Amino acid sequence: EPTERSDLPKDFASIIQTERESLDNFLDQNAIHKNDDYDHDYQYDQNIPALDQQIGLSSIDNEITLQEFIKEINMKDKGMLPKPKSTNDFGKLASILMTKAWDTVEDANLMFRRKLKESSYLESLSADSLAEWNDPSLAHKPRLLVIGSGWSSHAFVKVIDTEKYRVLNVSPINYFVFTPMLASSSVGTTEIRSIVESVHTSNPTVRFLEGAGLHVNVEMQQMRIKLGEGCVVESYMDDDQNIIDNALEVEKIIDIEYDMLVYAAGVGPISSSVRTPGLSQENVHFLKSITDAQRLRSSMIDLLEKASQPNISEDERRRLLTFVVVGGGPTGTEYTGELNDFLLDVTGSDRGRGRMKKNIAPFASLSPYTRVILIQGADELLPQFDEDLRLSAKQSLEDVGVEVLTSTRVSSIESSEQLTISSYDVDGKNNEKVIKCGIIVWGGGTKPVKLTEQLISNTDEYFSKYNLGTEGIPSSMSVAGRIPVDRYLRVLGTPPGTVLAIGDAAITVGENATTLPQ
């Protein structure tokens, strides 16, 4: 018996010795299934946390600890090796591949049918984007309102069958942005026109309305929208009541009724924070939109030109050409690399690479003054990635001269030219340091847009009004401000079949829920 082994953890041995029968029952019911060949060989499953709550295994701190313990029993006591994958696993894989293949065939068929009907569709097309939406003769086709023009909404709009639905896409911007290329477009490596696609061309049979969502009423199935005027409307910056109170803005506000809402408004940058005084659009540059990339590109060129002017001290030139990037996630890390490559090109400096420049760089005289700093609050860059990739990213940046400061946080931002950072040394002492710079690029995470917060609040009201269940209001199931949905992407607490949420704005909750990265 495992209880006789001196090398097993004492707590585990005691549990098995005193509660063997009870433990077996709970293992069978909750987490671990007995192997057919051996009486007490167990296989790890997904529901281990239930054990800790039901039988008080205080010594089992987490799933990994219990998994290691079970593996130790199996391998040492019975000499049992892990079972190979069953044929059922390969059957599931084959089923998934077949489903994906069939989806591709259906999509191709849809695109073919859409192409054949384009000419007849254009003949009946009205200049009014809402003409078809409000046409009573088309009442047999449900009205499907899509909010957003990001990754999820763009993918959805491309494949929606407009023969079955009247589809209206509402967004502050009329194009889709390939966001992974924003970093390179901000330094000129990639042209902006190469990373955007007009929503009008992604699916010509879907009508588009440029505007910002202000309010969703899930009970009335109605959405309030502020119309745009040929320009981007920053929906996360607007305040609903202030706009309506302004008499000049009232005529731009319309209410649109829908039969089904597909909410894909995404997330916005963390543009203010109580933890970081001074964080604002006036003091830092974000990298979330085309406008951000253009502004950042212009600011960098301005700094190089300004540093070349006469009557500037050496210290001032160094300050102007000190570039600070905050956030060691995918956005911050990628932008830091792109920025450093840009400086290599325009100053002609090898910065550790040993490059040979054939031509004189436009800002070759500024090479000794440039400095790039990447600040990361965690102890490693790219915490979402595997360890070897995290280490490689840090080493690659340091090899080309980037100063990577990990386990370091921004305490405050005094202005667009100065910030204070803090870090703890090995003795636990907090060390603060002031950095004077020419530009601050903030890649320190995202947050829900205001419309998402309003939708969750309105759903709470509907949920409470009609007493829909006993498991708590929808906001209590939200994670980091994201809209709680079930496995079919239906927003919890809304009238059945009326509101779906997809993309970064949503999070799947409940049984078998999996949180996807943003």
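1. Buried means under 20% relative accessible area, exposed over 50%, and partly exposed in between (1.4 Å probe, protein chains only). This is a predicted model, in which local features need pLDDT of at least 70, side-chain atom pairs count only at pLDDT 80 or more, and totals for chains, interfaces and linings use all residues. Residues are numbered from 1 along each chain as its sequence is written, and side-chain values use heavy atoms, leaving out hydrogens and water.

2. Helix H11 covers residues 290-307; helices are DSSP runs (H or I, at least four residues) and strands likewise (E, at least two), numbered from the N terminus. Its buried residues are Ile290, Asp292, Ala293, Leu296, Ser299, Met300, Leu303, Leu304 and Ala307. An α-helix has 3.6 residues a turn, so residues three or four places apart point the same way.

3. Three aromatic pairs are found in the whole structure. Rings of Phe, Tyr and Trp (its six-membered ring) pair if their centres lie within 6.5 Å; planes under 30 degrees apart count as stacked, over 60 as edge-to-face and the rest as tilted. Trp151 and Phe178 make a tilted pair, 5.3 Å centre to centre with 55 degrees between the planes. Trp151 lies in helix H7 and Phe178 in the loop between strand S5 (175-177) and helix H8 (182-185), so the pair ties together parts 27 residues apart in sequence. Trp151 is partly exposed at 44% relative accessibility, as is Phe178 at 34%. Ring pairs link Trp151, Phe176 and Phe178 into a cluster.

4. Tyr462 and Tyr466 form a tilted pair, 5.0 Å centre to centre and 50 degrees between the planes. Tyr462 is buried at 15% relative accessible area, whereas Tyr466 is partly exposed at 41%.

Conventions:
Expected span 1.5 Å × (residues − 1).
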